[in-house]
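This report describes a protein model and the surroundings of its ligand. Please keep the sequence and the structure in view while reading.

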Amino acid sequence: MLAGFRRSARLVANHLQDAWLGISTTGTAPAELPGHVYYATVSYSTTWSVLRKLDLGQEDVFVDVGCGKGRVLCLAARHRIRQAIGIEYSPALAAAGQRNIRQLRGRRSPAKILCQAAEDSDYSDASVLYFFNPFEAHLLNRVLEKIRADRRGRPARMAFVMELQEQRKVFSRHDWLACDERFEDQDRHTVALYRSVGVDRPDTASLRSTPPVDD
Ligand SMILES: C[S@@+](CC[C@H](N)C(=O)[O-])C[C@H]1O[C@@H](n2cnc3c(N)ncnc32)[C@H](O)[C@@H]1O
């Protein structure tokens with residue numbers, strides 16, 4: 001009963017914060033392809049606390065991988081950073097996100113959405129990456145490999161919200177990433193914070209030699 005009341009209160013709070021920011025990001029939308037996760041959001045309070053921990057600075061390019069309607073992207077763009085970028089496969093969600101960027105109150109930094117598959121995106125400039133459980137483990141593995149290749153040893157920080165066992169296993173195979181912190185938000189989602197390590201040896205950093213994740 002109390003849990004139900006808290007959930008409803010958070011729902012109302014999310015609508016109010018959307019209204020305060022001038023954007024519209026609530027609701028859900030079905031996944032476009034097998035392996036993708038449907039559109040949904042975590043509470044604003046979780047997102048704020050994750051962004052605080054990511055400690056965005058003026059040199060950062062923030063990327064929300066699977067950005068949906070762009071709530072997190074909009075919050076990142078209210079910081080002074082180099083750029084906020086959202087990657088979203090669904091054209092309808094990407095269009096909603098573009099509208100939100102245009103309407104966002106208090107934007108301090110450039111922001112844009114790229115409507116494309118995360119596994120085919122270019123992460124050369126991405127210093128901070130945010131994931132809210134966008135896809136299944138095999139796609140996460142491909143995206144992490146792509147990020148590592150594109151960054152060529154330059155540092156990256158990451159947050160993964162709603163990390164499940166299968167995704168944690170994928171991260172553990174990427175020995176160029178170390179987990180700094182893991183905590184539970186008020187909805188009991190596991191949030192994991194990673195950063196790249198061994199950036200001085202980009203050509204030798206490799207995947208741990210455990211069996212590959214099936215594509
Ligand atoms: C759980 S939602 C997260 C939305 C957003 N990051 C947020 O926190 O508000 C996952 C999003 O990832 C998108 N997505 C799933 N697979 C994708 C892929 N391979 N490439 C790009 N976007 C993808 C979905 O369309 C969906 O909008």
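How many bridges join E1 to E2, and do these strands run parallel or antiparallel?

## Strand E1 and its partner

E1 and E2 are joined by 5 bridges and run parallel. Helices (H or I, at least four residues) and strands (E, at least two) are DSSP runs, numbered from the N terminus. Within this pair, Val63 stands opposite Ile85 in E2.

Strand E1 (residues 61–65) has 5 of its 5 residues buried, so it is largely enclosed by the rest of the structure. A residue is buried if 20 or more other C-beta atoms lie within 10 Å of its own, exposed if 12 or fewer, and partly exposed in between, with C-beta atoms placed from the backbone. In a regular strand the side chains alternate between the two faces of the sheet. In E1 both faces are covered: Val61, Val63 and Val65 are buried on one side, and Phe62 and Asp64 on the other.

## Basis and confidence of the model

The model is predicted; local features need pLDDT of at least 70, side-chain atom pairs count only at pLDDT 80 or more, and totals for chains, interfaces and linings use all residues. Residues are numbered from 1 along each chain as its sequence is written.

The average pLDDT, the predictor's confidence in each residue from 0 to 100, is 91 for the protein, and 91% of the residues score at least 70. Over residues 200–215 the pLDDT is below 50, and this stretch has 18 contacts in the model beyond near neighbours in sequence. Two residues are in contact if their C-beta atoms, placed from the backbone, lie within 7 Å. Where pLDDT is low, the predicted coordinates should not be read in detail.

## The sheet

An open sheet is formed by 7 strands in the order E3-E2-E1-E4-E5-E7-E6, with mixed pairing. Two strands pair if DSSP finds at least two bridges between them. Strand E3 (111–115) and strand E6 (177–184) stand at the edges with a single partner strand each, so one side of each is left without a neighbour in the sheet. From one strand to the next, the twist averages 15 degrees.

Strand E5 (residues 157–161) and strand E7 (residues 190–196) run antiparallel and are joined by 5 bridges; here Phe160 stands opposite Ala192 in E7. Helix H2 (residues 44–54) lies across strand E4 (128–132), E5 and E7, and runs at about 160 degrees to E5. Axes are lines fitted to C-alpha atoms, for helices over the stretch in contact, and angles run from 0 to 180 degrees between N-to-C directions.

## The ligand shell

The ligand is surrounded by 25 residues, the closest being His36, Gly66, Gly68, Phe132 and Pro134. A residue is near a molecule or strand if its C-beta atom, placed from the backbone, lies within 6 Å of it. Helix H3 (71–77) and strand E2 (83–88) each supply at least two residues of this shell.

## Loop residues

Thr25 is found in the loop between helix H1 (2–21) and H2, and counts as buried with 24 C-beta neighbours inside 10 Å. Not counting residues up to four places away in sequence, Thr25 touches Asp18, Thr41, Lys69, Gly70, Arg71 and Asn100.

Asn133, in the loop between E4 and helix H5 (137–151), has a positive phi of about 25 degrees although it is not a glycine. Arg188, in the loop between E6 and E7, has a positive phi of about 65 degrees and is exposed, with 7 other C-beta atoms within 10 Å.
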